[in-house]
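Let's take a walk through this model together. Have the sequence and the 3D view at hand as you read.

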Amino acid sequence: MIHFQNITKTYRDSRSSIDALKDVDLDVEKGEFLAVRGPSGCGKSTLLMISGALCRPTSGIVQVAGEDLASMSVAHRARFRAQRIGFVFQMFHLLPYLNILDNVTYAASFGRHSEARIRALELLEEFKLDARAHHRPADLSAGERQRVAVARALINRPELLLADEPTGNLDPESADTVLQLLSDFHASGGTVLLVTHDEAAAQYAQRTLRLRNGTIEG
Ligand code: ADP
Ligand code: MG
C-alpha cells in the first residue's frame with residue numbers, strides 16, 4: 001500500500017538545512033496496521049505527510065496504493081488524497097463555524113450532497129455522535145471532536161487512514177475509543193498508519209517501527 005525507496009526530505013531555508021528523513025525504505029502492506037513511534041522531531045509527521053501526498057520528498061521514490069506520487073499532476077494528487085486517503089490529526093482541525101454534520105459532509109468527494117449527508121449521518125450514528133449532529137465543535141469534548149474527525153476521514157471510504165498523534169490531546173478513555181475506531185476500520189480491510197509517541201496507542205497496531213533522527217531503527 002505504501003512503498004518508500006530511499007526517501008530523503010530536507011527542509012532548507014537561507015540559514016540552515018534539516019534532513020527530516022534520511023534514505024528511508026519502508027513498505028506497508030495492504031490491510032496492515034502499522035504504528036510509527038519515536039521522539040519529537042524524529043520525522044514522524046514528515047513521513048506521514050509524504051505518505052498522504054501532502055508534501056513531496058526531496059529525493060527517492062514513493063508509491064501509495066499503486067500510484068507513483070511524483071509523477072502525478074497537482075489535480076490528480078488532490079483527487080487521490082480526497083478519494084483514497086483519510087487523515088486524522090492531533091488537533092482535530094474541524095471547521096468551527098460548521099456543525100458536526102456539515103463538518104463531515106463537507107469532506108465528501110462523491111455524488112450528490114444528499115448522498116453525502118446520508119453517509120455522514122450513518123457514520124455519526126455508528127460513532128454515537130448523532131445527538132450532537134447539529135452542535136458546533138466547540139460544544140463537544142475533545143474525545144467527541146476526534147470521533148468527528150475520524151468520521152470525516154472515513155466519509156469517502158478510503159483505503160488508507162493516516163493518523164498523526166490522534167490521541168495526543170485525549171484522556172485515556174477517549175483515546176481508547178478513538179483507537180478502537182481505527183481498529184474497526186482496519187478489521188474491515190483498511191490500512192492504517194498511526195504516528196504516535198504513546199506506547200498504549202501503538203499496542204493497537206500489528207507492527208511498530210521506530211524512527212530516530214530521520215532514520216528507521218533496527
Ligand atoms: P515529528 O513529527 O517526529 O515531531 P517532524 O516530521 O515534524 O517530526 O519534523 C522532523 C524535523 O524536521 C524536525 O527537526 C523539524 O523541526 C523539522 N521540520 C519539520 N517541518 C519543517 C518545516 N516546514 N520547515 C523546516 N523544518 C521542519
Ligand atoms: Mg509530528
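We begin with how to read the model, then visit the ligand, the sheet and one glutamate.

This is a predicted model, in which local features need pLDDT of at least 70 and side-chain atom pairs count only at pLDDT 80 or more, while totals for chains, interfaces and linings use all residues. Residues are numbered from 1 along each chain as its sequence is written, chains are lettered from A and ligands numbered from 1 in the order in which they are written, and side-chain values use heavy atoms, leaving out hydrogens and water.

Start at ligand 1. The residues around it (a heavy atom within 4 Å) include Tyr 11, Ile 18, Pro 39 and Thr 46. Helix H1 (44–51) gives the most to this shell, with 3 residues; helices here are DSSP runs of H or I with at least four residues, strands are runs of E with at least two, and both are numbered from the N terminus. A polar side-chain atom of Lys 44 lies 2.9 Å from an oxygen atom of ligand 1, and a backbone N or O atom of Gly 41 lies 2.7 Å from a ligand oxygen.

Now turn to the sheet. It is open and mixed, with 6 strands in the order S6-S7-S8-S3-S9-S10; strands pair if DSSP finds at least two bridges between them. The edges are S6 (85–89) and S10 (215–216), each pairing on one side only. S9 (residues 207–212) and S10 are antiparallel over 2 bridges, and Arg 212 stands opposite Thr 215.

Finally, find Glu 144 in helix H5 (residues 142–154). A polar atom of the Glu 144 side chain lies 2.9 Å from the backbone nitrogen of Ser 141.

Methods
A polar contact is a pair of N or O atoms within 3.5 Å; within protein, one must be able to donate a hydrogen and the other to accept it, and residues adjacent in sequence count only if both atoms are side-chain atoms.
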